[in-house]
Amino acid sequence: MPIRQIGDFSISYVQVLDEHGNLDEELEPELGEEQLIKAYRAMVLAREVDQRMLKLQRQGRMGTFAPTTGQEAAVVGPTLAMTEKDWFVCSFRETPGRLMRGETILQTFMYYNGYEEGNTLLPSARTLPVSIPVGSQIPHGVGIAYAMKYLGEKDAAAVIFFGDGGTSQGDFHEGLNFASLWRAPAVFICQNNHWAISVPRSKQSYSQTLAQKAIAYDMRGIQVDGNDLLAMYKVTREALDRAYAGEGPTLIEAVTYRLMMHTTADDPKKYRSEEEVQEWWKRDPIPRFKLYLERKGIWNDSRQGDLEDEIKKEIEAAVREFEQKGDFKPDAPFDHVFGTEHEEIEEQRGDFLANLAELEKKEAANA
Amino acid sequence: MPKINMVQALNLALDQEMAKDDRVVLLGEDVGLDGGVFRVTDGLFDKYGEERVIDTPIAESAIYGSAIGMALAGLKPVAEMQFSGFSYYLLHQLESHASRFRSRTQGRWSVPLVVRMPYGGAVRALEHHSESREATFAHFPGVKVVIPSTPRNARALLTASIRDPDPVIFMEPKRSYRAFREEVPEEEEVVEIGKAKVVQDGNDLTVVAWGAMMRPTLKAVAAVQEKRGVSIELIDLLTIAPMDGNTIVRSVEKTGRCVVVQEAPRSFSVAAEIIAKINDKVLLSLEAPVKRVTHYDVVTPYFGRELMYIPDVGRIIRGIDETLDF
């Protein structure tokens, strides 16, 4: 019996705008001026929020957080392609998209300074809170996608973000398998930023690409220049259209780079070279997109100056508001253990409040 | 009222909730065409279709994780773990997400999600099919753990669980699935989650049990009452977490003596928690130390020896006698 070939698989790579600003006009997505500027503003805002938070963190005015500098296009591109009906299911390095989906800078600050009040976007915003355990949010997105299909919402899909490290988790593989079987309207976006804390992409998986992991699930997999906003937008847009049409999920590998530390508690000098980081700064997604806008004649130095001023004011207003906020209810965690009232919880709340009152009394006496 | 067994009673609860609310969907291994390996979902696939009774791949973490997503998107999923022994893959989703969404978002989001799982021994099953690990689940804040003991309360508690706004771990004593029948009303019935039930009043001693332990405990209590002419108060816990400590405490305050019967190993257990609650509130009412009649702190033995390890009528009687005689 001759051996027959029964499958034929390949993975494509998409880039529309390269790091030198060269544009492939055939692949260029149709985006109006308003959309283009919205995307640019979102990237600049995210970069500035990131850098401001870094300073605040170093001054002890902000908790630990995961910087997003360098990865803005990989998140802003897909978020621009989404509508309000789509679900944003993220891990912890998607702040640029969260801010586009309605989260305020103040909420971001509250979240990263240790208050659940930062997670108070309503379910109607279809934007899930940050998920910290790596890859664990993937099945949630798949279940949401199933629900959209079940409820007959034909123009809604789940867009699920995770990192290169996330592809090693069982939840990634189980999630892709379920999504493919269910023909669920889901778009998986792997932000391959090359580093899972100190473990490089090369030690995360022997696979040539992460996109090819889709092939095992008979799912479309595609690798994209994750620092190219136009490519990220275009590929996500197509994946969403396929999802709405019932053509199944897509895995998008966004090749990007984490220019900063994993979190503010990490020192990347211990495990990677400065030369490597400098090489990736040359592929920064923001200057190349700015150049694109300038060449299109919709951006100039004056508009840049206005934008920078406006963003600076917005961030400083949020810093001020955040630092004046002191009315966090101490016993709020007792309010939200269950959706029903229970004696045991109320009794422990009483205990907690009595203890707190005692402490305050002592402090007052010592003052 | 028809007399039905626990499997039929659970099926009735699922059927009625599905008929009433098309947001209720079932998912799990073999729950569809096969009707579940214990037949709890029998007939529902034919009645409601494959979109609502979903046969999933064998991946417990994704079954529970995707059910979390369904709940977040407005459905009321009822997931099945084929056996509690295979449910541990869901623990990270339970601890990391299902239990926390409400608190994490200060009540903006919730995860109304039931996962049913047969638990417990004495059915001559292979390894991993006989454990009683309710304390493990009960230790996660934000999680409700419910264990019925009869067909009627199984039906009413499952109905309440499906309507509950929080994640519920619904543990079904598989030993009791077909062991006996009980009259179960056709019309809807719910039992409030978080409340224990005083099954019989008494003055001389309190016995607390739940799930599959209720049957041998009832027999033991009847035997001791008959033999010694004492009156024993019997409490069926029904909800493990959040625990209805006050019902137990009030009873022990009256009787002064207490025996807890549990199928699970002794240390770090629900019985230990019951004793802590008694000590907190009514220590000085006690006439005797609270007795635990339990499995031992050993890995569940294979079924050749299992009956020697699970509390039986004889051990429960001895526990009650010792506590009365102290």
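A: Two strands pair if DSSP finds at least two bridges between them. Helices (H or I, at least four residues) and strands (E, at least two) are DSSP runs, numbered from the N terminus. In β8(A), Ala254(A) is the bridge partner of Gln191(A). This is a predicted model, in which local features need pLDDT of at least 70 and side-chain atom pairs count only at pLDDT 80 or more, while totals for chains, interfaces and linings use all residues. Residues are numbered from 1 along each chain as its sequence is written, and chains are lettered from A and ligands numbered from 1 in the order in which they are written.

Q: What makes β4(A) and β8(A) a pair, and in which sense do they run, parallel or antiparallel?
A: β4(A) and β8(A) share six bridges in the parallel sense. Pairing asks for at least two bridges, so the two strands count as paired.

Q: How do you know that β7 of chain A pairs with β8 of chain A?
A: Strand β7 (residues 220–225) and strand β8 (residues 250–255) of chain A run parallel and are joined by six bridges. Arg220(A), for instance, stands opposite Thr250(A) in β8(A).

Q: In what order do the strands of the open sheet of chain A lie?
A: The order of the six strands is β1-β7-β8-β4-β3-β2 (chain A), with parallel pairing. Strands of a sheet pair through backbone hydrogen bonds, either parallel or antiparallel.

Q: Why are β1 and β2 of chain A called edge strands?
A: β1 (12–14) and β2 (87–89) of chain A each pair on one side only. Neighbouring strands of this sheet are turned by 25° against each other on average, direction ignored; axes are lines fitted to C-alpha atoms, for helices over the stretch in contact, and angles run from 0 to 180 degrees between N-to-C directions.

Q: What makes helix α5 of chain A a helix that packs on the sheet?
A: Helix α5 (residues 138–150) of chain A touches β2, β3 (158–163) and β4 (186–192) of chain A. Two residues are in contact if their C-beta atoms, placed from the backbone, lie within 7 Å. The direction of α5 makes about 170° with that of β3(A).

Q: Why is Ile252(A) called buried?
A: A residue is buried if 20 or more other C-beta atoms lie within 10 Å of its own, exposed if 12 or fewer, and partly exposed in between, with C-beta atoms placed from the backbone. Ile252(A) has 30 other C-beta atoms within 10 Å, so it is buried. Ile252(A) lies in strand β8 of chain A. Leaving aside neighbours within four places in sequence, its contacts include Val187(A), Ile189(A), Ile222(A), Val224(A) and Ala239(A). Ile252(A) and Ala239(A) are 13 residues apart in sequence, with their C-alpha atoms 8.6 Å apart.

Q: How do you know that β8(A) is covered on both faces?
A: Thr250(A), Ile252(A) and Ala254(A) are buried on one side, and Leu251(A), Glu253(A) and Val255(A) are buried on the other. Six of the six residues of β8(A) are buried.

Q: Why is Cys90(A) called buried?
A: Cys90(A) has 25 other C-beta atoms within 10 Å, so it counts as buried. Cys90(A) sits in the loop between β2 and α3 (95–100) of chain A. Among its contacts beyond four places in sequence are Gly97(A), Leu128(A), Val130(A) and Phe161(A).
A: For 367 residues the rule gives a value near 21 Å, and chain A has 22 Å, which agrees. Along its principal axes the C-alpha trace of chain A spans about 85 × 55 × 45 Å. Of the 367 residues, 45% count as buried.

Q: What are the domains of chain A?
A: Chain A is divided into domain 1 (12–324) and domain 2 (332–366), with bounds that come from an automatic or database domain assignment. The C-alpha centres of domain 1 and domain 2 of chain A lie 39 Å apart.

Q: Why are the buried residues of α9(B) placed on the same side of the helix?
A: The buried residues of helix α9 (residues 245–255) of chain B are Ile248(B), Ser251(B), Val252(B) and Thr255(B). They cover an arc of only 95° around the axis, which puts them on the same side of α9(B); the arc is that of the directions from the helix axis to the C-beta atoms. Their cover includes β9 (197–200), β13 (258–265) and α10 (270–282) of chain B.

Conventions: The radius of gyration is taken over C-alpha atoms; the globule rule is 2.2 Å times the number of residues to the power 0.38.
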